[in-house]
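Reader: I would like a close look at the charged side chains that pair up in this protein. Please take me through them one at a time.

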Amino acid sequence: MSTVAHAGVVDTPHQEPQSPQTAEAGAAFSGRYVSLDAYRGLIMVLLVSVGFGFGALKDHPVFGVIASQLEHVPWQGAVLWDLVMPAFVFMVGMAMPFAFARRIERGATFNQNLLHVISRSVKLLALSHLFTIIHQGKFQFALLNVLSQLALTYFLCFLIVQLSLRWQVVTAALLLAGHWALFAVFPGPLGPFSQTGNIGQVIDQAVLGRTYPGGYVSINFISTAVSNLFGVWAGYLMMSRRPIGQKMKILAIAAITTLAAGLALTPFNPMVKRIWTASFTLYSTGWVLLMLLAFVWLIEVQGRRRFAFPLVVVGMNSIFVYVVFQLFRGSINRTVGVLTGRFEFIGTLAPVLQSCATLLVIWYFCYWLYQRKIFFKL
C-alpha cells in the first residue's frame with residue numbers, strides 16, 4: 001500500500017479501466033464531485049458499522065423493525081443490508097472512468113493500463129486471502145468476499161469497456177442471461193435457485209472441494225460484474241458535458257427502469273443476493289442509483305456540503321477504512337467497551353451506542369489522515 005496527497009479524485013483500491021469514451025469525458029469534466037466522495041463514505045460507514053448494533057435488538061417490539069433492515073435476508077428478497085455490497089461494487093465502478101482519465105492524461109498506454117489492472121486485481125485477491133489467513137489461521141483459496149469478487153469484476157470491466165457503449169450493454173445483458181441460464185439449465189434436486197444443490201455449489205464442490213456457508217457461490221462474479229459496469233456508466237455520465245439537471249434525469253430514469261426490470265424478472269428469476277441473480281442485480285442497482293441521485297441533488301444542487309463532510313472524510317480513505325474494519329475493529333470495539341462499560345447503564349440501546357462509539361473512533365482515524373492529506377491506495 002502507498003499514500004498519496006490529495007489531487008483530483010482520490011484513488012481507491014479499485015479504479016481505472018480503459019474506454020473509448022474516456023478521453024472526451026475527461027476533457028469535459030473539471031473539478032470534483034463532493035457528492036461522489038460522500039456517497040462512497042456512506043457505503044463505507046454502512047459496511048463497517050456491523051448493523052450499528054441493532055442485531056442485538058432483533059426481538060425487540062420496536063427496534064426489531066430496524067434490526068430486520070440491518071441483517072441479510074435468509075434467501076429470497078432484499079432489505080437495506082442486502083444493498084450494501086451492490087453499492088460498494090457500484091461505487092468501485094463509478095470511480096473507474098475518473099481514475100482512467102487521469103492515467104491517460106499522464107500518458108499511460110493501453111498496455112501499461114492492462115498491466116496495471118492485472119497488478120491491482122492480483123493485489124485485491126492477495127489482500128482478500130491475507131484477511132482470510134488472519135481470521136481463520138490458515139490459507140484457503142476462495143472467491144467469496146467482496147475483494148475477491150472485485151478482483152475478477154475489475155478485470156472483466158476493463159475488458160468490456162474497450163467496446164463501444166452499445167456492445168457494452170449487449171455484453172452486460174449476455175452476462176446476466178448466461179448466469180441465469182447456468183442455474184436454469186443445470187437445476188439442482190430442489191430446483192435451479194434453491195439454497196442447496198444449485199449449479200454454483202456444484203461448481204464450488206468440483207473446483208474447491210467444498211461449498212461456502214450461507215449458500216454463497218464463487219460464480220457470483222459473472223453477474224456482480226454487471227453491477228460494477230452500471231457504476232462505470234454512472235461515472236461516465238457524471239464526467240460528461242451534460243448539465244447537472246439532465247444527469248439527474250438520466251439517473252432517475254435508469255433507477256426506475258432497473259427497479260422495474262428487477263421486479264418484473266422476479267417470478268422467473270428469484271431475487272437472491274447470495275447467488276446474485278439477474279433480478280437482484282437490476283433491483284439493487286435501482287436502489288443504488290436512487291441513493292446516488294439523492295446525494296447529487298442534496299450536495300451538488302442544494303449545496304449542503306457541510307452535511308457531506310463527515311462522509312467525505314471516510315470516502316477519501318476507503319481502503320484504509322476497509323483494512324481497519326477487517327483487522328482492528330474487534331480490538332477497537334473491546335477497548336471502547338472497557339472505557340464506556342459498553343453503555344450498559346443506558347439500557348436497551350446500549351449495543352447501538354457501543355457500535356456507534358466504535359465507528360466514531362474509526363472515523364477519527366480517517367479525520368486525522370484527512371487533515372494531513374494522507375490517502376491510502378493499492
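**Salt bridges and a buried residue**

Author: D37 and R40 form a salt bridge, with 2.9 Å between their closest N and O atoms. This is a predicted model, and the positions discussed here are taken from it. Side chains of opposite charge can pair when their charged atoms come close. D37 and R40 both belong to helix α2, which covers residues 34–49. They are 3 residues apart there, about one turn of the helix.

R305 has a relative accessible area of 43%, so R305 is partly exposed: the value falls between the 20% limit for buried and the 50% limit for exposed.

One more residue is worth a look for its surroundings. F280 sits in helix α11, which runs over residues 278–301. The relative accessibility of F280 is 0%, so F280 counts as buried, the cut-off being under 20%. Leaving aside residues up to four places away in sequence, F280 touches A78, D82, P86, M271, V272, K273 and T285. Between F280 and H129 there are 27 Å in space, C-alpha to C-alpha, and the two are 151 residues apart in sequence.

Terms used:
Residues are numbered from 1 along each chain as its sequence is written. This is a predicted model: local features need pLDDT of at least 70, side-chain atom pairs count only at pLDDT 80 or more; totals for chains, interfaces and linings use all residues. Side-chain values use heavy atoms; hydrogens and water are left out. A salt bridge is a side-chain nitrogen of Lys or Arg within 4 Å of a carboxyl oxygen of Asp or Glu. Helices (H or I, at least four residues) and strands (E, at least two) are DSSP runs, numbered from the N terminus. Buried means under 20% relative accessible area, exposed over 50%, partly exposed in between (1.4 Å probe, protein chains only). Contact means heavy atoms within 4.5 Å.
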